[in-house]
Every structure is written in structure tokens, then in C-alpha cells.
Amino acid sequence: MTRALVIGCGGTIGGAWTIAALAALEEQLGSDLRDFDVLQGTSAGSEIITALQRFSVQDLVAMQEGRAESPVLQHHLAATPPSLPRIPFSLPSNPATLWTRRGGHAPLTGIAPRGRGDATWLAELADATVGPGALVPPKARLVAYEPATGERVAFGAPGAPKATASEALRASWAIPAWMPPVEIEGRTYVDGGAASTASVDLVTREDADEIVAVVSMASAPGVRGPGLGGLLEHAVLRRPMSQVFWSEVAVARARGQRVTVISPDGADLAGLGANFMARGHRAQAFEAAQWTAPLAVRRGLEAAR
């Protein structure tokens with residue numbers, strides 16, 4: 001049986017929760033997740049997939065705990081982007097996406113100003129783990145979104161445009177209004193999470209019989225964090241992203257693929273907070289996730305039996 005690991009978007013905080021979940025998943029499965037046949041990531045998920053080309057899940061746990069031995073991981077953690085984007089000044093690029101695009105937050109991509117963040121830290125990670133100028137490695141797939149066509153592209157997949165790991169990672173992480181879009185072979189891409197938190201349906205039956213999806217930005221219907229912040233996060237982000245995610249899971253299951261979903265519940269979200277880019281909350285969120293994520297993993301594995 002062939003297996004795919006699919007890791008969704010989630011920014012700084014979602015990435016921290018995901019690493020805690022991956023550590024618990026390896027422990028409960030008793031296997032190294034890097035041995036899966038396909039490793040697909042979106043945004044923060046792509047960041048983790050890229051890091052796994054050189055480092056283990058336990059290395060990433062050590063990074064989150066501030067005890068990484070590798071200078072690469074030490075630098076990467078220190079370079080975590082700020083909690084708020086630099087103020088953008090550009091005009092909307094394509095307002096027509098409001099009525100021509102469907103799925104997640106895809107309709108908003110054309111009215112989002114150009115992000116002004118510095119993606120050097122992502123390029124440095126790709127260069128250090130895969131190699132400067134190296135293409136997306138075998139088994140890895142990094143998902144980005146092209147607003148002009150409404151197409152999601154999994155760089156590294158058969159038939160996808162060629163891209164270096166640095167280009168693909170920066171494109172997959174190019175949050176509209178936060179990070180600048182990335183041009184690859186004359187086409188402009190933004191964060192894959194703008195259209196889908198994980199793009200589970202891009203993993204075909206030919207790719208894998210079984211999909212294990214670890215998603216921080218999608219949950220079961222009705223699940224949200226506490227308080228006003230949780231209510232707003234659910235209304236603006238989690239609910240639309242979850243709707244797209246579960247529809248893609250249904251597509252994969254209808255094709256005969258087994259899909260295991262690891263996602264946060266209310267207890268997870270209470271520890272993570274409403275701002276998934278809150279750099280100053282990362283260490284606290286990871287500590288909370290180490291308690292709650294193993295339960296989320298167990299819940300997901302049991303539901304898939």
C-alpha cells in the first residue's frame with residue numbers, strides 16, 4: 001500500500017502545532033514519516049516538508065523547543081516572520097477574482113495588495129536542505145496557487161511546471177498581502193492556502209492508496225477556539241477552509257483512497273490562540289500542542305479504522 005503525508009497551511013502557530021502532531025503520529029504509527037511515498041505540503045506545510053528533506057521530526061521538535069543543534073534550524077527559528085505584515089501600498093491586481101474564483105479564500109486573492117515581507121528565510125531553508133538551485137526533490141510536492149487561472153499547482157508532481165525548491169517554497173508560503181507573489185516560468189503564484197488548506201484531492205489514486213492529512217486550519221464542523229477571537233477566527237478562516245478541506249476529502253474517498261485526518265479540536269485551539277502568525281506566542285503554543293496534539297492524532301487514527 002502506498003501512502004501520502006499531506007500537511008496543510010497554518011502560519012507560525014499552525015506549524016508549531018503540526019510539528020507536535022507529527023511527533024505524536026510517528027510515535028503512534030511506529031514509523032518514520034519520511035518513508036511515506038509522497039510528502040505534500042502547503043505554505044507552512046511546505047516549509048515542514050522542505051525541512052524533512054534533511055532533518056527528522058524530532059529535529060524539528062528540538063527546534064521548536066529552542067534546543068536545536070543544527071545552525072540551520074537555529075537560524076530558521078530565529079528568522080520566524082513578525083506577527084503582523086508590513087503595511088502594503090499596492091493596488092488590487094485583479095478584482096474580478098471576487099466573482100470568478102471559488103474555494104477557500106481564492107476570491108480575495110485579486111483584491112489583496114502585494115505583500116512586502118522578506119522570504120529570504122525560506123530560500124535559505126530550501127538551499128540548506130535541498131541545495132542551491134536544486135529542483136523540488138523526489139516524493140516532495142509543494143502546493144501554490146495561481147490567481148490568474150484559479151489553478152493549484154503541486155510543484156514536484158508529475159506534469160507540474162519545473163521549479164527549484166526555493167522558488168516552490170516561497171510561492172507556497174506567499175500569503176497574499178503578507179509575502180510577495182513568486183514568478184515561475186512566467187506565471188505568478190501565491191500561497192496555496194489561498195485556495196485550499198491542504199489540497200488533499202491533488203494526491204491521486206495513482207499517487208497513493210492512503211492519505212494521512214495533518215491540518216491545523218481545518219476542523220470538524222462546529223469546532224472553534226474560545227472567546228471572541230475564536231469566533232472571529234472560525235468565521236473568517238476556519239469555517240471556509242474546513243468546508244473546502246472536507247469536500248476534497250470526500251473526493252479522495254470516493255476514488256477509493258483511505259484518508260486519515262489529524263485536525264485540532266477545541267482544546268487544541270484554546271492553546272493555539274486566534275492569531276496563527278503570533279510569533280511571540282509560538283513557544284507557548286507549541287508547549288500546549290505537546291499535550292493536546294497526541295489526542296488529536298489518536299482521535300484521527302481511530303476514526304479511520
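In these legends, Ala, Val, Leu, Ile, Met, Phe, Trp, Tyr, Cys and Pro count as nonpolar, Asp, Glu, Lys and Arg as charged, and the others, Gly among them, as polar. The model is predicted: local features need pLDDT of at least 70, side-chain atom pairs count only at pLDDT 80 or more, and totals for chains, interfaces and linings use all residues. Residues are numbered from 1 along each chain as its sequence is written, and side-chain values use heavy atoms, without hydrogens or water.

View 1. A cavity is a set of points on a 1 Å grid over the protein atoms alone where a 1.4 Å probe fits but cannot get out; lining residues have an atom within 4 Å of a point. Volume is the space filled by probe spheres set on points joined across faces, edges and corners. The structure holds 2 cavities of 30 Å³ or more. Ile49, Thr50, Gln53, Val130, Val136, Pro137, Ala140, Leu142 and Ala165 form its lining. (Helices, H or I of at least four residues, and strands, E of at least two, are DSSP runs numbered from the N terminus.) The lining has 7 nonpolar and 2 polar residues, and no charged ones.

**View 2. The largest cavity.** This space is about 200 Å³. Its lining counts 19 residues; Ile19, Glu47, Met63, Gln64 and His76 lie nearest the centre. H1, helix H2 (44-51), helix H3 (57-64), helix H4 (71-78) and helix H6 (120-129) each give two or more residues to the lining. H1 gives the most, with 5. By class, the lining of the largest cavity divides into 11 nonpolar, 6 polar and 2 charged residues.

View 3. Buried means under 20% relative accessible area (1.4 Å probe, protein chains only). Of the 8 residues of H3, 6 are buried, so the helix is largely enclosed by the rest of the structure. They are Val57, Leu60, Val61, Ala62, Met63 and Gln64. These residues pack against H1, H2, H4 and helix H10 (282-303). Just after H3 comes glycine 66, with a positive phi of about 75°.

**View 4. Helix H6 and its cover.** Trp121, Leu122, Ala123, Leu125, Ala126 and Thr129 of H6 are buried. Their cover includes H2, H4 and helix H7 (165-172). Glycine 131 follows H6; its phi is positive, near 120°.

**View 5. Serine 43 in its loop.** Serine 43 lies in the loop between strand S2 (38-42) and H2. This serine is buried, at a relative accessible area of 2%. Leaving out residues up to four places away in sequence, serine 43 touches Cys9, Val143, Ser172, Trp173 and Asp191. (Contact means heavy atoms within 4.5 Å.)

**View 6. The largest nonpolar core.** A nonpolar core is a set of buried Ala, Val, Leu, Ile, Met, Phe, Trp, Tyr and Cys residues joined through side-chain atoms within 4.5 Å. The largest has 74 residues; Leu5, Trp17, Leu22, Leu25, Leu60, Phe155 and Val214 touch the most other members. Helix H1 (residues 11-29) gives the most to this core, with 10 residues. Beyond its neighbours within four places in sequence, leucine 25 contacts Leu5, Gly30, Leu33, Val212, Val214, Val297 and Leu301. Another core, of 16 residues, lies apart from the largest one; Val200, Ala208, Ala218 and Val261 are among its members.

Key: Buried means under 20% relative accessible area, exposed over 50%, partly exposed in between (1.4 Å probe, protein chains only). On a 1 Å grid over the protein atoms alone, a cavity is a set of points where a 1.4 Å probe fits but cannot get out, and a pocket is an open set with protein on both sides within 12 Å along at least five of seven lines; lining residues have an atom within 4 Å of a point.
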